[in-house]
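Me: I have just opened this structure and would like a guided look. Could you take me through it step by step?

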Amino acid sequence: MTRVLLIHPPVSKPGEPPAGVARLCGALHQNGISCTAVDANLEGVHFLLGLPVRSDDAWTLNASRSVGRKIHELRSGSAFKSIGHYNRIVNDLNRLLSVHGGKTGYALGLVDLTHPVLSPLRSRDLIRCAENPENDAFYEYYSSVLLPAIVKQEPDVVGISVNFLSQALSSFALVGLIRKRMPGLPVVLGGGLITSWMRNPAWKNPFTGLVDVCVAGPGEPYFLSRFGIDTAEGSAAPLYAGMENLPYLSPGFVLPYDASSGCWWRQCRFCPEPAEGNPYRPVPDLRVLSDLALLKKKTNPSLVHFLDNALAPSLLESLAESPPGAPWYGYVRFTEHLLDQDFCVRLRKSGCNMLKLGLESGDQGVLDKMGKGIRIGAASRILRNLEKSLIPTYVYLLFGTPYELEAEALKTMTFAANHASGIGFLNAAIFNMPITSLEAAGLSTRLFFDGDLSLYADFEHPAGWDRRKVRNFIDKTFRRHPAIAPILARTPKFFTSNHAPFFCMDRKNRISA
Ligand code: SF4
């Protein structure tokens, strides 16, 4: 009998295990509370991919005949020999999932689940999912595999970790199913998405009576106190017991690790982190190194994925000094450390396989108004340093902020084009205003949906640079730029930055197109 059963529901990228669940598992085990984690996302995706497909469509039939080989190629690494080959594989798997999802009326893919009517941003729709779980895209998996496993485990409590909107609809279907089949079993909801909802000052729990408790922030304090233990949170290494052998769709075991929660910078005016008031809580650097040494022994990772919003410069120093013994990647800020070419080379030698950098804009005025704390000249030198140090970059750009007009967007495009050789992969996004942000208060905003759980709003741009114009600019001008189009073409579909490092393995000085 397990006391706590933690479930990571579908749908999120099935390339690596869920870090939040593993962290909570580690804390519970350390305190003598038996805990089992189930990656229902991974199980559910494999379940659907293993079902027979009836279709007249040649693409679907071909994809279904070779599904085992495609999964094997992703897991062995042979899928990553070129981006064209990789895209064909993930497109085929995505296609199969969409066919299975379509049978239930859902738009399902490798990384997303939506419904033409039900919105994850409307509590009444989520409650409908709970009331009618048999309509869910994962119902067959839930009822034939997951539910029997829960019954067998006889847990005292079930925790469901909901981190992304793509998980919300199926999470509530699962809640409804548990309620129907095991009415006495307490259900706790937590995770990043639940936290964001609860940090909205307008939050009034609409799930009372359906869910026993909703938890904001780390789940450790809640679960430990439930069992009468008063322990400081974050005192245990994450526990990936058995997950290292699960069939994640990546070559080898990717070890996710968060060396902090919150953000050490916390000044970007467009970002939900400061808006939600999430405190910055770093794990001490020495503790990070010892956790990684322990986890390396237990899981033999092919790649370490740092989940931090931004790795602290002191931790980068520590990693350069004491390499974790496996390739690693994560988000960093354009800090002065990276202006030091020797330091970049040391990072590369420590196993740094890719750095993700949020540049957002190529215009100094926009960066200043955003509170990004980036000097554009320094960003330019850093990208060149990283290129010389053979560290590939994944650069994030944000168009359509209230501080930007087309002239500034063009400057961003020119900056990206001029640094194309130092940009491995690229993400160009349209700005969504967090409804709780400081900026939202000064602008005329409207919700994208009539959802009581909406986190972002559209806004009236002060100078008319609205979403339609921004989207047009990105599609017709930015994406077609001859220096930028090849970067976008080699950026992996669906798994994006999670799979980009596998295109950088064993390549000494270039990223393949
Ligand atoms: S660095 Fe990133 S996480 Fe931190 S405040 Fe800025 S955008 Fe947010």
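Predicted model: local features only at pLDDT ≥ 70, side-chain atom pairs only at ≥ 80, totals over all residues.

Me: Fine. Let's begin with the sheet that has β1 in it. What is its strand order?

Reply: The order is β2-β1-β5-β6-β7, an open sheet of 5 strands with parallel pairing.

Me: And which strands stand at the edges?

Reply: Those are β2 (35–39) and β7 (213–214). Each has a single partner strand, so one side of each is left without a neighbour in the sheet.

Me: How many bridges join β1 to β2?

Reply: Strand β1, residues 4–8, is joined to β2 by 5 bridges, and the two run parallel. Within that pairing, Leu 6 stands opposite Ala 37 in β2.

Me: What about β1 and β5, how many bridges there?

Reply: There are 4 bridges between β1 and β5, which also run parallel. Here Leu 5 is the residue opposite Val 158 in β5.

Me: And β5 with β6, in which sense do they pair?

Reply: β5 pairs with β6 (residues 187–190) in the parallel sense, over 4 bridges. Gly 159 has Val 188 of β6 opposite.

Me: Staying with β5: is it enclosed or open to the outside?

Reply: It is largely enclosed by the rest of the structure, because 5 of its 5 residues are buried. In a regular strand, side chains alternate between the two faces of the sheet. In β5, Val 157, Gly 159 and Ser 161 point one way, while Val 158 and Ile 160 point the other way, and all are buried.

Me: Which strands does helix α1 lie across?

Reply: Helix α1, residues 19–30, lies across β1, β2 and β5. Its direction is at about 170 degrees to β2.

Me: Now helices against helices. At what angle do α2 and α5 pack?

Reply: Two packed helices are described by the angle between their axes and the distance between the axes. For α2 (residues 40–49) and α5 (residues 83–103), the angle is about 85 degrees and the axes are 9 Å apart. The two helices are therefore roughly perpendicular to each other.

Me: Which residues meet there?

Reply: From α2, Val 45, Leu 48 and Leu 49 meet Leu 93, Leu 96, Leu 97 and His 100 of α5. By class, this contact has 6 nonpolar residues, 1 polar residue and no charged ones.

Me: On to the sheet with β8 in it. How many strands form it?

Reply: That open sheet is formed by 6 strands in the order β8-β11-β12-β13-β14-β15, with parallel pairing. β8 (254–257) and β15 (425–430) stand at its edges; each has a single partner strand, so one side of each is left without a neighbour in the sheet. On average, neighbouring strands are turned by 20 degrees against each other, direction ignored.

Me: Which residue stands opposite Tyr 329?

Reply: Met 354 in β13 stands opposite Tyr 329. The strands β12 (residues 328–332) and β13 (residues 352–360) run parallel and are joined by 5 bridges.

Me: Where does α12 lie?

Reply: Helix α12, residues 285–299, lies across β8 and β11 (303–306). It runs at about 155 degrees to β8.

Me: Changing topic: which residues are around the ligand?

Reply: They are Cys 263, Trp 265, Arg 266, Gln 267, Cys 268, Phe 270, Cys 271, Asn 309 and Arg 333. This shell divides into 5 nonpolar, 2 polar and 2 charged residues.

Me: Where is Leu 405 found, and what does it touch?

Reply: Leu 405 is in the loop between β14 (393–399) and α17 (406–418). Not counting residues up to four places away in sequence, Leu 405 touches His 461, Ala 463 and Trp 465. Leu 405 and Trp 465 are 60 residues apart in sequence, and their C-alpha atoms are 5.8 Å apart in space. At 37% relative accessibility, Leu 405 counts as partly exposed.

Me: Last topic, the backbone. Which residues does a cis peptide bond join?

Reply: Most residues other than glycine have a negative phi, and most peptide bonds are trans. A cis peptide bond joins Pro 10 and Val 11, with omega about 10 degrees. Val 11 is in the loop between β1 and α1.

Me: And what is phi of Asn 300 near?

Reply: Phi of Asn 300 is near 45 degrees, a positive value in a residue other than glycine. Asn 300 lies in the loop between α12 and β11, and is exposed, with a relative accessible area of 58%.

Technical notes. Residues numbered from 1 in each chain as written. Heavy atoms only, no water. Near = heavy atom within 4 Å. Nonpolar A, V, L, I, M, F, W, Y, C, P; charged D, E, K, R; others polar. Axes fitted to C-alpha atoms, helices over the stretch in contact; angles between N-to-C directions. Parallel < 35°, antiparallel > 145°, perpendicular 65-115°, else oblique. Contact = heavy atoms within 4.5 Å. Pairing = 2+ DSSP bridges. Buried < 20%, exposed > 50% of the residue type's maximum accessible area, 1.4 Å probe, protein only.
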